[in-house]
Amino acid sequence: MLRLLRRSRNSMSDEESDALDASQLLGSSDTAADESPSAATIDSRRESRRSHFVFLGIILAAAVLVLVVGLSVGLSSVGGGRSSDPMTRAEDLLAEYPVIDGHNDLAYELRANFKNQLGDIDLLKNTSGQYGVAWQTDIPRLRAGHVGGQFWSAYMGCGEPHREDATRTFLDQMDVIKRFVQNYTSTFLWATTSKDMELAVPANKIASLIGVEGGHAISSSLGTLRQLYELGARYMTLTHTCNTPWAHSSTDTTSNGLTDFGRRVVLEMNRLGMLVDISHVNNYTMSDVLATSKAPVIFSHSSAYALCNNSRNVPDNILMKMPANGGVVMVNFYPGFINCSSTASLEQVADHIDHICSVAGVDHIGIGADYDGIDRVPYGLEDVSKYPALFAELLRRGYSDSDVAKVARLNIIRVFQEAEEFVGKVIGTQMMKTAKVEVTRMVLHPHVLKVSSIRHTDGRSLYIPPAFSQYVKRRKKYLCHDPESSCRVGDLVMIRSCQPLNKRKHFTVAEILDLSPAHRAEIEREQGRLGELEGTPGTTEGSSS
Amino acid sequence: MLRLLRRSRNSMSDEESDALDASQLLGSSDTAADESPSAATIDSRRESRRSHFVFLGIILAAAVLVLVVGLSVGLSSVGGGRSSDPMTRAEELLAEYPVIDGHNDLAYELRANFKNQLGDIDLLKNTSGQYGVAWQTDIPRLRAGHVGGQFWSAYMGCGEPHREDATRTFLDQMDVIKRFVQNYTSTFLWATTSKDMELAVPANKIASLIGVEGGHAISSSLGTLRQLYELGARYMTLTHTCNTPWAHSSTDTTSNGLTDFGRRVVLEMNRLGMLVDISHVNNYTMSDVLATSKAPVIFSHSSAYALCNNSRNVPDNILMKMPANGGVVMVNFYPGFINCSSTASLEQVADHIDHIRSVAGVDHIGIGADYDGIDRVPYGLEDVSKYPALFAELLRRGYSDSDVAKVARLNIIRVFQEAEEVSIKLQAEVAPDNTLISPQPNQTCRPDF
């Protein structure tokens, strides 16, 4: 009976159950009457027991149901509130991690069709079907495609007239890119660093960088290479469809890669922080570059040879070298490279990504669709608005959210960071194996970035080349790894980004560019001492020159 | 007697003269004896009076002399402590207002002789006679010449091989200039604004800018012009010794100046803030540019036609337009332009400056010696260390200190500042011009992209 009472206590308030307890102890006359129950009472008691059980069962079931629902809702909230529909998930992911595409030839279309006259076309409108062109790129579709960064290709073909004056055409291309970036300044953000790529996300703009497509742009001059870098070029594709005097194109099947001068080009690009792009080169050049380059390299728009044996694609033996190099293969959408035919499907593009993932790893994949540089497109990836569909397919295939973020942008940002080098002055060497380096940079004043374009009376925007006065000095201190403690305060050093060595140190001293006078004197003293020890006049063995 | 006593009081102490006064008043027995002087006493008194006068005169003369000397010393101190020697005055002036020269072809020498390999030459040493070259420029001599700013010329000749790939050669030139500026960073200060020019003085460095010598650098493309500006080019000489498809060189005596496209080039340069340099162009182009340009223009290295009728020089009718334009004629030292012959003198260079001053005014003169772009030099101006001698000559001719400062640097700074202001105004009003050049007959140019 106590059991019965306790069972029903669950539905009673505390006072009631206390009263019940008390009456039990005191032996009230009510309960005394139950001492000898009749059969009917027993039946009704059994019935009420059953109904109580049922009632309890329902409550328990409801509780379990609520728990299950709550858990699943909670778990999916932890997972970011993503719905299970891959397309929606892809859109959500890309909204947070917008695509940085490695190669788009809009600038070439502007040159070929409009002679770089930007006033004749409005990129804010759909460019396909208008003006007699059928383009794949415009601002509405870039936004729909969640494009957050783009390397715009500055390109001149090997067979074009005035090939001997190539440098000038490349300068024109860089000029038109800068002008359209500035004309649509609410959409595009001029970018030259990995930091700019990241800044574009909160600014909700498309980070716009320049890639020079074709080593013939430098006309075999390292000085010209440096000036192109100063103008903002952040990668150079070593060849297009023709050889340069120092590197061999994929159109050349002879066993020639880089010449000695070609190796110097690669090393100078490393020193500048310009990404080396080995799309369009032949396999020997790919090999030579991977053997030479001190920084991670990119394929700005190439796919997998194993799935389509076109010489523009990357063979497996090269893919296997990517982890050691640290670089990225940015997949090209052209059906001729995806399916070795005139048509291809979105699924086949995903197959290429799968293959590169299986051979090189998900850390070495990116997207370089080559839009407006290709005359045919895969079904489902017709233009720059279609990127989410591809990522939806990857999600369907089991790629995780972080895989998607890597392929979309994190890999190329990592590669660019590792390739960037800064020059700074050593200001402290007190920490062990660490040099504190101060880097002074000239950056566009933040106000310039914020100010939207000045509207001309007819509604056009204006391009304002950044005058020197709009640049301001920014100083930043870096802790850099100096394993041999070779730096002294006052030295001018080159530092390079690397994998984090501890919480605060993710740079390393790559090179001492200039010794401080005290350091120079110290070295001379050392050499003098060495000379005395060895009995020979102080030699300059080992001095940096 | 009192007079006598007073006269001699000058040599007495106060107590003694008081005693004398007292004795006078009290009538002492000594002075009473002088009541009736003898003739001898009178003579001796006259003599001592005369000697006293002489003594006084000497003191007065000495005082006057001291005064005169003091005044002259004082006055010359007021004038800044400058000695009257023009050379020393010139050195002192230039120490305060170092020369900004409009044109130096060191970069071309580096290309022609060393293929831009800076490791093969040390600019901290005298470059004349070493390495088999005979250069006029190096750091010790620049310092001796009080050079505080230099437009380094990025140059490619009209007749050089690979003329069709000119842009690339100009990029190489800009690259070598930036590299030597960086290699000798305690001497040179990279500069792209008028402010940089001024900052170099307290920094005791040579503000180093780039001038592109020859419109063929842009290969008739306004986009390439913009990119050269972004790379740091701050003037462009519209032609060298050959025509561009849009402007005519001084080698072309036909009556052609700027084409429509040429006018667009000038206006786009105004918009960018790049100085328009009309050295090397013919007179019609000079005229057209002065009529078109919204900013002051420069002649980076040209002299006066009236004194030497070489087509590289500036005729008087153009000089007369300079005040309205606000620009500056930076005088070239080449004997062929100074004296229309293979030799010239420092005085003749000063004559050119005098002439430009008389026609255009002292606000429109500068120095663009063309060192290391010329194979002959005037006597007395053999290399970049000789600028003070020229300014000493100007001082001798009566140029004031402020005239010297203007010719040395203040005029070109003013011109550059005004060009910068014009560009700021224009950029708020007009968009970048990307018009294509229309194909010209008989011209190899690039109408298409």
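Here is a quick tour of a predicted model with a chain A and a chain B. Chain A has 545 residues, and 48% of them count as buried. Between them, chain B and chain A bury about 3300 Å², and 4 salt bridges are counted between the two chains. The points below start with chain A as a whole, move on to the contact between the chains, and then stop at a handful of residues.

**Chain A as a whole**

- Chain A contains 20 helices and 14 strands.
- If you look at contacts in chain A with a separation of 6 or more, 69% of them come from residues 24 or more positions apart.

**Where the two chains meet**

- The size of an interface is often given as the accessible area that is lost when the parts come together.
- Here, the area buried between chain B and chain A is about 3300 Å², with 50% of it on carbon and sulfur atoms.
- On the chain B side, 38 residues are in contact, and they meet 34 residues of chain A.
- Between chain B and chain A there are 19 residue pairs in polar contact, counting pairs with both residues at pLDDT 80 or more.
- Three elements of chain B give two or more residues to the side that touches chain A: helix 8 (166-183), helix 10 (222-230) and helix 11 (260-272).
- Helix 8 of chain B supplies the largest share of that side, with 8 residues.

- You'll find A:R226 in helix 10 (residues 222-230) of chain A.
- A:R226 counts as buried because its relative accessible area is 16%, below the 20% cut-off.
- A salt bridge links A:R226 to B:D175, with the closest N and O atoms 2.7 Å apart.
- The side chains of A:R226 and B:D175 also count as a polar contact, at 2.7 Å.
- Setting aside residues up to four places away in sequence, A:R226 touches A:E268, A:R271 and A:L272 in its own chain, plus B:D175 and B:R179 in chain B.

**A second bridge between the chains**

- A:K178 and B:E230 join their side chains in a salt bridge, at 2.9 Å from N to O.
- This pair crosses from helix 8 (residues 166-183) of chain A, where A:K178 sits, to helix 10 of chain B, where B:E230 sits.
- A:K178 is buried, with a relative accessible area of 4%, whereas B:E230 counts as partly exposed at 29%.

**More salt bridges**

- Side chains of opposite charge can pair when their charged atoms come close.
- Over all chains, a search of the whole structure turns up 40 salt bridges.
- One of them joins the side chains of A:R263 and A:D260, at 3.3 Å from N to O.
- A:R263 and A:D260 both belong to helix 11 (residues 260-272) of chain A and are 3 residues apart, about one turn of the helix.
- A:R263 is partly exposed at 31% relative accessibility, while A:D260 is exposed at 57%.
- In chain B, the side chains of B:R397 and B:E393 meet in a salt bridge, at 2.8 Å from N to O.
- B:R397 is partly exposed at 29% relative accessibility, and B:E393 is buried at 10%.
- Salt bridges with shared partners also tie A:D175, A:R179, B:R226, B:E268 and B:R271 into one network.

**Two buried loop residues in chain A**

- A:N282 sits in the loop between strand 6 (275-277) and helix 12 (283-292) of chain A, and it is buried at 4% relative accessibility.
- A polar atom of the A:N282 side chain lies 3.0 Å from the backbone oxygen of A:D252.
- A:H301 is in the loop between strand 7 (298-299) and helix 13 (316-319) of chain A, and it is buried with a relative accessible area of 1%.
- The A:H301 side chain makes a polar contact with the side chain of A:H280, at 3.5 Å.
- Apart from neighbours within four places in sequence, A:H301 is in contact with residues including A:H103, A:E213, A:N332 and A:D370.

**A nonpolar patch on chain B**

- B:F53, B:L56 and B:L60 make up a nonpolar patch on the surface, and together they have about 340 Å² of accessible area.
- B:L60 belongs to helix 4 (residues 39-78) of chain B, and it counts as exposed at 53% relative accessibility.

Conventions:
Residues are numbered from 1 along each chain as its sequence is written. Chains are lettered from A and ligands numbered from 1 in the order in which they are written. This is a predicted model: local features need pLDDT of at least 70, side-chain atom pairs count only at pLDDT 80 or more; totals for chains, interfaces and linings use all residues. Side-chain values use heavy atoms; hydrogens and water are left out. Patches are made of residues with over 30% relative accessible area and no salt bridge: like charges are joined within 9 Å, nonpolar side chains (Val, Leu, Ile, Met, Phe, Trp, Tyr) within 5 Å. Accessible areas come from the Shrake-Rupley method with a 1.4 Å probe; for residues, only the protein chains shown count as cover. Helices (H or I, at least four residues) and strands (E, at least two) are DSSP runs, numbered from the N terminus. Buried means under 20% relative accessible area, exposed over 50%, partly exposed in between (1.4 Å probe, protein chains only). Contact means heavy atoms within 4.5 Å. Buried area is the accessible area (1.4 Å probe) that two parts lose on being put together, summed over both. A polar contact is a pair of N or O atoms within 3.5 Å; within protein, one must be able to donate a hydrogen and the other to accept it, and residues adjacent in sequence count only if both atoms are side-chain atoms.
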